[in-house]
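Let's take a friendly walk through the side-chain pairings in this protein. The sequence and the structure come up next.

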Amino acid sequence: AHVSKVCQTGFFHLKNIYAIRKYLDKSAVESLLHAFITSRIDYCNSLLVGITKGRLQKLQRLHNAAARVIMNVHKYDRITPVLKQLHWLPVESRIELKVPVLVYKRLNGFAPSYLSEIFTVRCLSRRLRSNSCEGTQLVEPRTKNVTHGDRAFSVFGAKSWNRLPASIRCSDSIVLFKKSLKTHLFVQYFG
């Protein structure tokens, strides 16, 4: 229901923005689309971890249509170069971006109290240097139900954190972590 409602309102706003597109410059169109479309796609999208490909495709179609409106590209032109030029991650990667950010906040003491008990930290390195976090990983809880259990924040968060390179996990600030993570996902998707 959430995905359907986001797509319905998103395409409504997209149609209205497209109607006035010729009167606006690119930066104004981009601001409108960020306000009305991408903010709705990103709202609570960490809860959409593991959704079906069909529902994910609905969100991706909305995202692609917004990119086409910004760049004034035709419907049947390839979308990958447009997303790359805008430096936009696909919806699946945008979802994957949110979860490690929440894990980073939890590990560095910025997260709400209810997240502090979800993860167990396992330090793999035996180094005595206190600032070395290369071996810091999270314990991945085992689940009985693979389809629904792996969608749990404690499981998906630990797995996505452990997949990250140590250079990203050891970032000094949240801003640097977000920038490094987005670049990592961008390179991973676009090559």
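At 38% relative accessibility, Glu92 counts as partly exposed. This model is predicted, and the values below are computed from it.

**Charged pairs**

Lys53 forms a salt bridge with Glu92, and their closest N and O atoms are 3.7 Å apart. Lys53 itself is exposed, at 57% relative accessibility.

How many salt bridges does the rule give? The count comes to two. Is Arg94 buried or exposed? Arg94 is buried, with a relative accessible area of 12%.

**Aromatic pairs**

Now for the rings. The count of aromatic pairs comes to four. In one of them, Tyr104 and Phe177 have their ring centres 4.4 Å apart and their planes at 15 degrees, so the pair is stacked. The angle settles the label because planes under 30 degrees apart count as stacked. Tyr104 sits in helix α5 and Phe177 in helix α9 (residues 174-190), so the pair ties together parts that are 73 residues apart in sequence. Both partners are buried: Tyr104 has a relative accessible area of 2%, and Phe177 has one of 0%.

Phe186 and Phe190 also form an aromatic pair, this one tilted, with 4.6 Å from centre to centre and 50 degrees between the planes. These two residues both lie in helix α9, four residues apart, which is about one turn of the helix. Phe186 is buried at 12% relative accessibility, and Phe190 is buried as well, at 14%.

Which residues do ring pairs link into a cluster? They are Tyr104, Trp161 and Phe177.

**Cysteines and a buried serine**

How many disulfides are there by the rule? The count comes to zero. Cys7 is buried, with 8% relative accessibility, whereas Cys44 is partly exposed, with a relative accessible area of 35%.

Ser160 is found in helix α7 (residues 153-163). With a relative accessible area of 6%, Ser160 is buried. Leaving aside residues up to four places away in sequence, Ser160 touches Val99 and Pro100.

**Accessibility in brief**

| Residue | Relative accessible area | Class |
|---|---|---|
| Lys53 | 57% | exposed |
| Glu92 | 38% | partly exposed |
| Cys44 | 35% | partly exposed |
| Arg94 | 12% | buried |
| Cys7 | 8% | buried |
| Ser160 | 6% | buried |
| Tyr104 | 2% | buried |

Notes: Residues are numbered from 1 along each chain as its sequence is written. This is a predicted model: local features need pLDDT of at least 70, side-chain atom pairs count only at pLDDT 80 or more; totals for chains, interfaces and linings use all residues. Side-chain values use heavy atoms; hydrogens and water are left out. A salt bridge is a side-chain nitrogen of Lys or Arg within 4 Å of a carboxyl oxygen of Asp or Glu. Buried means under 20% relative accessible area, exposed over 50%, partly exposed in between (1.4 Å probe, protein chains only). A disulfide is a pair of cysteine sulfur atoms within 2.5 Å. Contact means heavy atoms within 4.5 Å. Rings of Phe, Tyr and Trp (its six-membered ring) pair if their centres lie within 6.5 Å; planes under 30 degrees apart count as stacked, over 60 as edge-to-face and the rest as tilted.
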